[in-house]
Structure formats: structure tokens, C-alpha cells
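Please find some short notes on this model below.

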Amino acid sequence: MRFAIRREVDPIDIAGSLAGLSGVPIELTLPYKIEDYRAHRKRLLGVVADIVEQEGILVQSIHATQGRLTDPCFWDWAFETVKYAEELSAKVVVFHPEVFAQNVRLDKQILALQNIKRLQRETDTVKVGIEAFGNKKRVLTPEEICQKGRWLVLDTSHLFPERSLQIVGQWHKQICEVHLSEGNDKGQHQPVQGYGYQILDALKAKGWDGPVTLEYMFEFHWQLLEDRARLEEKYGSKEAH
């Protein structure tokens, strides 16, 4: 396994967003709102690429802006993101599946799958991943993502531990990345201290050796580098990354 930390890019303070990350593997997270991404993308992508090269930042994956998989303009921003991932030598691009009412969800799912399949055909080096959410209204549930032969990004805060472990047991070959954190009565994306280890142990037992990104709430960001180093030591690949 190869451990990274999530780092979101502020389009106003790009350099500050990436400060102190020399030599650190990250999931580069583009602006959450697609309106912000579109407003800043030309300058943002260029400046980020320069900083990544100059500082020796290791971009393991890219989290796309929160556009919809069924958006008529999907190709515009999604294709650009995948090609940007190739430029930065990232191996995964993460997309969120949007929510629909049950009476239209399956029809929308067809369109979402068509867009994802077409996007995957455009790259030989980047895995087009769809993030796992427990909500049945998502256009693609985690199990459906795997059943349809697409790449799954397993987020361990979005699912109950038992469901995450079940997916690892049945669908580990479809998992292209793990977003690792824990959920409890204080909320999602809490530090790894309990069942997160169970999930890593289950993945290791299956021989899974993909990228893992630590994704913590802001108040726990101070723990990210320390936790990443500790998990890398315990579970990290012995081969050079």
C-alpha cells in the first residue's frame, strides 16, 4: 500500500495550500464547487503543476471538482482532469456520484456509466474511480460500481465498517483507492484508531497493494503526517513507490 494525505487547493492561495509538502504523497483535491473550478482552472492548473514540480510533491491521485457524472458538460471538466492527472503522474482520479430520486435513478445511471466508460477509454495510465457512498439515492452505489466493472474508491467514513469489510472481501479487485478515516458519534472523517486497522488488515490479507489517502476533518489535520508515516511503516509497500 502507498499512503498519502488529502490536500485541497485554495484557488486564491495556491502556494499556501501546498506549503510544506515537499516529498509528501498527496491526493490533490481540486475546488469543491464546480463554479469555483471553472472560474480559476486555467491559472490554478498551471500554478499547481509548477509548484508540484519545483517542490517535489508526489501527486498520487486527484479528486475532481464536484460536477455531476450526468452533467451535459461532463466531458469538458472531467476529460481535462484526467489529462491533468496524466501530466502530474497521478494514478487515480476520484469522482462523486450524485443523488437522484428513485424513479429516475436507473435511467440516470445508464448515462453516468456511459460517461465514465468513455472517459476511461481515453487513458491508459489513470484509473477513473467513483467514490463509495452509503446513500441508496446515489446514481451508483458501491456495489453497483463494482458490479458494472468500474473502479471503486472505498471511503471508510461513508459506509458502516461491516459494509466496508464486506466490499473488501467480495470486490477488492475493483478497489482502485481507499479514503481512510473513521466515523463515530462525533462525525465522519475522524482519525484512524480502531476499525480502520481492520480494513487495512483485510486488504493486506487479500494482497491488495493500492493507494490509501488519509482524509481527516480540519481539526485533525495536524495528525495527518504523523499518522501517514506510522501507517506507511506498518502497511506500506516494500518496493520503491
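1. Val178 has Val212 of strand β10 (residues 211-214) as its bridge partner. Strand β7 (residues 175-180) and β10 run parallel and are joined by 3 bridges. Strands pair if DSSP finds at least two bridges between them; helices (H or I, at least four residues) and strands (E, at least two) are DSSP runs, numbered from the N terminus.

2. The model is predicted: local features need pLDDT of at least 70, side-chain atom pairs count only at pLDDT 80 or more, and totals for chains, interfaces and linings use all residues. Residues are numbered from 1 along each chain as its sequence is written, and side-chain values use heavy atoms, with hydrogens and water left out.

3. β10 also pairs with strand β1 (residues 2-8), in the parallel sense over 4 bridges. Here Pro211 of β10 is the bridge partner of Arg2.

4. Which residues of β10 point one way, and which the other? Pro211 and Thr213 point one way, Val212 and Leu214 the other, and all are buried. Buried means under 20% relative accessible area, exposed over 50%, and partly exposed in between (1.4 Å probe, protein chains only). In a regular strand, side chains alternate between the two faces of the sheet.

5. The structure has 0 disulfides, a disulfide being a pair of cysteine sulfur atoms within 2.5 Å. For Cys146, the closest cysteine sulfur is in Cys176, 9.5 Å away, which is too far for a bond. Cys146 is buried, at 3% relative accessibility, whereas Cys73, at 40%, counts as partly exposed.
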